Amino acid sequence: MIPINESITYNADDQDLCVTKFLSLVNAVWPGEYHEQFTKEAIQKTLNITAWDDKELVGCIRILTDGYFFGTITEILVRSEYRGQKIGRHLMELAFEHSPTSLFIGAQPGKEHFFEKLGYTKSIQSFQKKKQRK
């Protein structure tokens, strides 16, 4: 594990997220075959919050929202060698801060405690953290 360091920088609205760097991160967490153009189109439709160690993408959270009624975290990704540095926690805090809506997320089995520690509450097959609508 890489020791906790101050070199991690965050971008709370990464509109220029490079599909190649994103797919490198995805494959590090969920190895598979991913279509580059479809991935590019997908990340253009979400609010992307990223964590960087210099020029390496080490974490990412994506929010899909209609801007008023609903927002969902499509995934939260952190490279395994960077886990334990509170990157995921910080990405989740930034997601809630920058989302225009309440947030919902489906937790992987065994990961529920992570979301509960951040103030999310259980709902039917998901977690949510309410935000006042404007």
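How much space lies in the largest pocket? The answer opens the first legend below.

This is a predicted model, in which local features need pLDDT of at least 70, side-chain atom pairs count only at pLDDT 80 or more, and totals for chains, interfaces and linings use all residues. Residues are numbered from 1 along each chain as its sequence is written, and side-chain values use heavy atoms, with hydrogens and water left out.

**View 1. The largest pocket holds about 760 Å³ of space.** Of its 26 lining residues, Ile-76, Arg-83, Lys-111, Phe-114 and Phe-115 are the closest to the centre. β4, α3 and α4 (112-117) each supply at least two residues of the lining, and β4 gives the most, with 5 residues. Sorted by class, the lining has 12 nonpolar, 8 polar and 6 charged residues. (A pocket is an open set of points on a 1 Å grid over the protein atoms alone, where a 1.4 Å probe fits, with protein on both sides within 12 Å along at least five of seven lines; lining residues have an atom within 4 Å of a point. The volume is the space filled by probe spheres set on the points, which are joined across faces, edges and corners. Helices, H or I with at least four residues, and strands, E with at least two, are DSSP runs numbered from the N terminus. Ala, Val, Leu, Ile, Met, Phe, Trp, Tyr, Cys and Pro count as nonpolar, Asp, Glu, Lys and Arg as charged, and the others, Gly among them, as polar.)

**View 2. Glu-56 and Arg-79 form a salt bridge.** Their closest N and O atoms are 3.3 Å apart. Glu-56 lies in strand β3 and Arg-79 in the loop between β4 and α3, so the pair ties together parts that are 23 residues apart in sequence. Glu-56 is partly exposed at 32% relative accessibility, while Arg-79 is buried at 8%. (A salt bridge is a side-chain nitrogen of Lys or Arg within 4 Å of a carboxyl oxygen of Asp or Glu; buried means under 20% relative accessible area, exposed over 50%, and partly exposed in between, with a 1.4 Å probe and protein chains only.) A search of the whole structure finds 3 such bridges.

**View 3. Glu-75 meets Arg-62 in a salt bridge.** The N to O distance here is 2.3 Å. This pair links distant parts of the chain, with Glu-75 in strand β4 and Arg-62 in strand β3, 13 residues apart. Glu-75 is buried, with a relative accessible area of 13%, and Arg-62 is buried at 9%.

**View 4. Helix α3 carries the pair Arg-89 and Glu-93.** Their salt bridge has its closest N and O atoms 3.8 Å apart. The two residues are separated by about one helical turn because they stand 4 residues apart in the helix. Arg-89 is partly exposed at 28%, and Glu-93 is partly exposed at 39%.

View 5. Most residues other than glycine have a negative phi.
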